[in-house]
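Here's a quick briefing to read with the model open beside you. Take a look at the structure first, then work through the notes by topic.

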Amino acid sequence: HMLWADLDDNPPPLEKLYDILVDMLGGADFEIYTSQSATENCPKSRVLIPLSKPLSGKYFEMVQECLNNALLSKGIPPDRSNQRVGQLCYLPNRGKHYQTKHRRTDKHLDAIEIFGQKMIETRMEAFLSTPKRETSTTRKAELTAPPPSTISTFNQSHSVESILLSAGYDQK
């Protein structure tokens, strides 16, 4: 339901970040707040961006990557750990230098509209840079060879000693 950014490495002042986000997000709403370790000279901050429609995990990862790339293109290096679906995002915890800035117009971000084209371009680049499969006769022979038996695969993966020890065998 939300995108977010964690800006700890050389973050801009909140006023500048606000202007960048208004432009980058097409006027969509967001919240910015400084984290507990923020200082006047280094306003470490987080950004929360409500979405107009929830995203599946797959799309969330891609859109988060696009958001991070867009921030980086503006000279703002994000913490990319937020590209993992299960990454926690901590809400405000006031430190000595606490600031907040927000845009609240009831316009939630349509992530696919804003980042959809970039998602397509990124996936296409990844696809085109994937090495082509070998088509040599040796590779074809490997692919058509009969698979090893289940028993030989098991025997290659497990030693008799490990099986006995896992079954409680007392070695003296």
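Of the 172 residues in the protein chain, 30% are buried, where buried means under 20% relative accessible area, exposed means over 50%, and partly exposed is anything in between (1.4 Å probe, protein chains only). This is a predicted model, so local features need pLDDT of at least 70 and side-chain atom pairs count only at pLDDT 80 or more, while totals for chains, interfaces and linings use all residues. Residues are numbered from 1 along each chain as its sequence is written, and side-chain values use heavy atoms, with hydrogens and water left out.

**Overall layout**

- The protein chain has six helices and four strands; these are DSSP runs numbered from the N terminus, with helices being H or I of at least four residues and strands being E of at least two.
- Reading from the N terminus, the order of elements is β-α-β-β-α-β-α-α-α-α.
- Areas come from the Shrake-Rupley method with a 1.4 Å probe, and for residues only the protein chains shown count as cover.

**Helix α1 and its cover**

- Helix α1 spans residues 14–24, and its buried residues are Leu-14, Leu-17, Tyr-18, Ile-20, Leu-21 and Met-24.
- Who does the covering? The elements over those buried residues include the strands β1 (2–7), β2 (30–34), β3 (45–50) and β4 (100–103), along with the helices α2 (57–73) and α3 (111–129).
- After α1 comes Gly-26, which has a positive phi near 65 degrees.

**Thr-34 in β2**

- Thr-34 sits in strand β2 and is buried, at 0% relative accessible area.
- Its side chain makes two polar contacts (N or O atoms within 3.5 Å; within protein, one must be able to donate a hydrogen and the other to accept it, and residues adjacent in sequence count only if both atoms are side-chain atoms). The Thr-34 side chain reaches the backbone oxygen of His-97 at 3.1 Å and the backbone nitrogen of Gln-99 at 2.8 Å.
- Setting aside neighbours within four places in sequence, Thr-34 also has contacts that include Leu-14, Pro-43, Lys-44, Ser-45 and Tyr-98.

**Arg-103 in β4**

- Arg-103 is part of strand β4 and counts as partly exposed, at 21% relative accessibility.
- A polar atom of the Arg-103 side chain lies 2.8 Å from the backbone oxygen of Gly-27.
- Not counting residues up to four places away in sequence, Arg-103 touches Tyr-18, Val-22, Gly-27, Ala-28, Asp-29 and Phe-30.
- Arg-103 and Ile-32 are 71 residues apart along the chain, yet their C-alpha atoms are separated by 8.8 Å.

**Salt bridges**

- How many salt bridges turn up in the whole structure? The search finds five, each being a side-chain nitrogen of Lys or Arg within 4 Å of a carboxyl oxygen of Asp or Glu.
- One of them pairs Glu-31 with Arg-104, with the closest N and O atoms 2.5 Å apart. Glu-31 lies in strand β2 and Arg-104 in the loop between β4 and α3, so the pair ties together parts 73 residues apart in sequence. Arg-104 is exposed, at 57% relative accessibility.
- Another joins the side chains of Asp-110 and Lys-53 (3.7 Å, N to O). This pair links distant parts of the chain, with Asp-110 in the loop between β4 and α3 and Lys-53 in the loop between β3 and α2, 57 residues apart. Asp-110 is partly exposed, at 23%.
- Lys-118 also bridges to Glu-121, with the closest N and O atoms 3.5 Å apart. The two are three residues apart in helix α3, so about one helical turn separates them. Lys-118 is partly exposed at 42%, as is Glu-121 at 33%.

**Surface patch and cysteines**

- Val-160, Leu-164, Leu-165 and Tyr-169 make up a nonpolar surface patch, with about 390 Å² of accessible area together. Patches are built from residues with over 30% relative accessible area and no salt bridge, joining like charges within 9 Å and nonpolar side chains (Val, Leu, Ile, Met, Phe, Trp, Tyr) within 5 Å.
- Leu-164 belongs to helix α6 (residues 160–166) and is partly exposed, at 37%.
- There are zero disulfides, a disulfide being a pair of cysteine sulfur atoms within 2.5 Å. Cys-42 is partly exposed at 22% relative accessibility, whereas Cys-66 is buried at 5%.

Notes:
Contact means heavy atoms within 4.5 Å.
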